[in-house]
Amino acid sequence: MTTLTTPTAPFAGRTVFRVGYGALQLERLHHSRGEAVALLRRAVELGVDHVDTAQFYGFGFANQVIREALRPEDGVLVVTKVGADPDPGGPLPLRLAQRPEQLRASVEDNLRSLGVDRLPVVNLRRLDSGPGLRPDGDQVVDLDDQLEVMTALRDEGKIGAIGLSRVTLDGLRRALPAGIACVQNAYSLVSRDDEDMLRLCEAEGIAWVPFFPLGGSFPGLPKATDEPAVHTVAESLGVTASQVGLAWLLHRAPNVLLIPGTADPAHLEANTAAGGITLDAAALATLDAIESRSAEVPIG
C-alpha cells in the first residue's frame, strides 16, 4: 500500500502549497541583500506561497527582504509572529514581549517593516512548551489577556487571523473560541510530544506548522538526520535524509504545513521537492518505529 499526500492544504481561508519557507535563515545573508532577495524570488518560482517571518528575525532584515522581494501578484501568504522583540545588545538576539501592550506594539512594528496595512496571520508566540526561553516576572501573562488584544487587533483589521506558537494542549483548548488559524510547536519525526495537539488541530481544521521539523539545533535535542532508519529510507528512494524527515511530516496528517528555512538555493530546491516524495506503508512503518524524545529543553 502507498500513502499519498495532497500538495496543498487550507490555511487562513486560503489554499497554499504545503511546503512554505521560514525566513529566519535569511539573516545569514545580511551582507548579501541581493542574494537574499533572489533566494525569496526563487522560492516563489518553485511554488512557495506561504512565508513565515518575524520582526526579530535578523533585527528586521527578514521583513525588509520580504518587502523588497514579494509582489502583490505573487499571492504569497506572509505569516508573522509577536511575543518577542529584537534585542541586538542582549545575550540572546531577542527579548520577551508578552504583555498586551507589547503585542500591539509588535504588530505595529511588523506592519511598518513589511509595508502593509494588514497582516494576514499573526502567531502569538507563547512560551509554555518546547525548547527555548521561559517567561518570568512581568512576562508571565495570562493567555486570555493576550487573546483579548489579539482579537481586538483582528477586529480593527490590522491582522487577519490569529495563530499560536509554543502553546500547550490546554492552552489551545482555551483559545479555540477566539478562532485559531494555526499552531506552531516543535514537532518532528524524533520529537512527537504534541501528537494529541496535532490531532485536535486536524479535527478543528487548524493548520499544524511545526518548527524544528527535523529536530532541534539546540544542544540536547535529537535530530532526524542522525537516525539510521531515516538514512535507510532515503537511500531506498534516492533522496536525502532531510527530505525524508520533511516528507514524513507531510504524511503524518493532511493539515501539516512546512516552513523549512535555508540561505542556500540548492537546499531550498531540495526542501520544496520534499513535497513530492511518496512514502509507502513499509517506509512509514520503519520511520514510525523511531523513538520519540522530548523537545522540552529550556535555555537562557
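Glu269 is partly exposed, with a relative accessible area of 37% (partly exposed lies between buried, under 20%, and exposed, over 50%, using a 1.4 Å probe and protein chains only). The model is predicted, so local features need pLDDT of at least 70 and side-chain atom pairs count only at pLDDT 80 or more, while totals for chains, interfaces and linings use all residues. Residues are numbered from 1 along each chain as its sequence is written, and side-chain values use heavy atoms, with hydrogens and water left out.

**Arg42 and its partners**
- Glu269 and Arg42 join their side chains in a salt bridge at 3.2 Å, N to O (a side-chain nitrogen of Lys or Arg within 4 Å of a carboxyl oxygen of Asp or Glu).
- This pair links distant parts of the chain, 227 residues apart, with Glu269 in helix H9 (residues 265–273) and Arg42 in helix H1 (helices are DSSP runs of H or I, at least four residues, and strands are runs of E, at least two, numbered from the N terminus).
- Arg42 also meets Glu45 in a salt bridge of 3.1 Å, N to O.
- Glu45 and Arg42 sit three residues apart in helix H1 (residues 33–45), so about one helical turn separates them.
- Glu45 is exposed at 58% relative accessible area, whereas Arg42 is partly exposed at 27%.

**Arg99 and Asp138**
- A salt bridge of 2.8 Å, N to O, connects the side chains of Arg99 and Asp138.
- Arg99 lies in the loop between strand S8 (94–96) and helix H3 (100–114), and Asp138 in the loop between strand S9 (119–125) and helix H4 (143–155), so the pair ties together parts 39 residues apart in sequence.

**The wider picture**
- The whole structure holds 20 salt bridges.
- Glu195, Arg199, Glu202, Arg252 and Asp288 form a salt-bridge network.
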